[in-house]
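Reader: I would like to learn how to read a model like this one, feature by feature. Please show me the structure, then start with a single residue.

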Amino acid sequence: MTTLVNRPNTALVVVDMQLGVVAGAYRRDDVVATIAAVVQRARDAGVDVIWVQHGGEELPRGSDAWQYVPELVRRDAEPLVPKEYSDAFEATDLESVLADRGIGRFFLAGAQTDECIRSTLHGGITRGYDVTLVADAHTTEDLSEYGAPPPELVVAHTNLYWQNHKAPGRTAGTVNAADIDFASLL
């Protein structure tokens with residue numbers, strides 16, 4: 001249970017599925033299709049979908065690379081949270097967007113696993129949220145030439161450690177997209 005008071009609602013938070021972020025990402029097409037399906041299921045169940053979009057020197061706002069992939073289309077009523085840092089809570093209005101909607105629990109999907117996804121997982125749970133990672137709906141690029149593990153191991157390791165993550169009064173964990181039952185959370 002979330003430690004946040006009067007926050008019974010659930011959201012799906014989609015992070016940085018932008019052209020310049022996922023162009024060479026591991027399992028890009030599968031992950032995009034999985035996220036699209038989860039977004040539709042959330043919408044069908046009346047669960048808020050919150051979009052996060054990175055901007056900065058490497059992704060100038062308004063550039064082609066900054067745009068969301070065309071397979072994922074945000075509806076006008078769905079909040080868009082611009083960010084400049086890895087943790088989607090840092091120097092953004094994500095907290096107020098979630099608070100205004102009474103959200104104390106969210107599912108997280110998107111990119112990059114080893115940067116913005118991990119940072120937002122930890123940012124959410126340390127702020128009192130229950131945070132569930134959609135295990136088959138996040139991805140990252142191959143940074144093994146710089147000493148990082150290959151992307152399939154980055155994804156697998158993130159799923160492993162978040163599946164067993166604990167915090168007092170909050171829940172963490174992972175779930176495959178097909179196993180999310182948004183209707184049961186309303």
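Reader: Is Ala-148 buried, partly exposed or exposed?

Author: The classes are cut-offs on relative accessible area: buried is under 20%, exposed is over 50%, and partly exposed is in between, with a 1.4 Å probe and protein chains only. Ala-148 has a relative accessible area of 25% and is therefore partly exposed. Ala-148 sits in the loop between β5 and α5. Its C-alpha is 9.6 Å from that of Asp-114, and the two residues are 34 apart in sequence.

Reader: What are the ground rules for the numbers?

Author: This is a predicted model, in which local features need pLDDT of at least 70 and side-chain atom pairs count only at pLDDT 80 or more, while totals for chains, interfaces and linings use all residues. Residues are numbered from 1 along each chain as its sequence is written, and side-chain values use heavy atoms, with hydrogens and water left out. Helices (H or I, at least four residues) and strands (E, at least two) are DSSP runs, numbered from the N terminus.

Reader: How many strands does the open sheet have, and in what order?

Author: Two strands pair if DSSP finds at least two bridges between them. Here an open sheet of 6 strands runs in the order β3-β2-β1-β4-β5-β6, with parallel pairing. β3 and β6 stand at the edges with a single partner strand each, so one side of each has no neighbour in the sheet. From one strand to the next, the twist averages 25°.

Reader: Which strands does α2 lie across, and at what angle does α2 run to β5?

Author: Axes are lines fitted to C-alpha atoms, for helices over the stretch in contact (heavy atoms within 4.5 Å). Angles run from 0 to 180 degrees between N-to-C directions. α2 lies across β1, β2, β4 and β5, at about 140° to β5. α5 lies across β5 and β6, and its angle to β5 is about 160°.

Reader: What does α4 look like as a helix, and which of its residues are buried?

Author: An α-helix has 3.6 residues a turn, so residues three or four places apart point the same way. The expected span is 1.5 Å times one less than the number of residues. α4 has 14 residues and spans 18 Å from first C-alpha to last, close to the expected 20 Å. Its buried residues are Thr-113, Cys-116, Ile-117, Thr-120, Leu-121, Gly-123, Gly-124 and Ile-125. Their cover includes β1, β3, β4, β5, α5 and β6. After α4 comes Gly-128, with a positive phi near 105°.

Reader: Which residues have the most contacts inside the largest nonpolar core?

Author: In soluble globular proteins, nonpolar side chains tend to be buried together. A nonpolar core is a set of buried Ala, Val, Leu, Ile, Met, Phe, Trp, Tyr and Cys residues joined through side-chain atoms within 4.5 Å. The largest one has 29 residues, and Val-14, Met-17, Ile-35, Leu-72 and Phe-182 have the most contacts inside it. β1, α1, α2, β2, β4 and β5 each supply at least two residues, and α2 gives the most, with 7. Leaving aside residues up to four places away in sequence, Met-17 touches residues including Val-31, Ile-35, Tyr-68, Leu-72 and Gly-110. A second, separate core has 23 residues, among them Val-13, Ile-50, Phe-106 and Trp-162.

Reader: Where do Arg-127 and Asp-87 lie?

Author: The side chains of Arg-127 and Asp-87 form a salt bridge at 3.2 Å, N to O. Arg-127 is in the loop between α4 and β5, and Asp-87 is in the loop between β3 and α3, so this pair ties together parts 40 residues apart in sequence. Arg-127 is partly exposed at 30%, and Asp-87 is buried at 11%. Elsewhere, salt bridges with shared partners join Arg-28, Asp-29 and Glu-71 into one network.

Note on methods
Salt bridge = Lys/Arg side-chain N within 4 Å of Asp/Glu carboxyl O.
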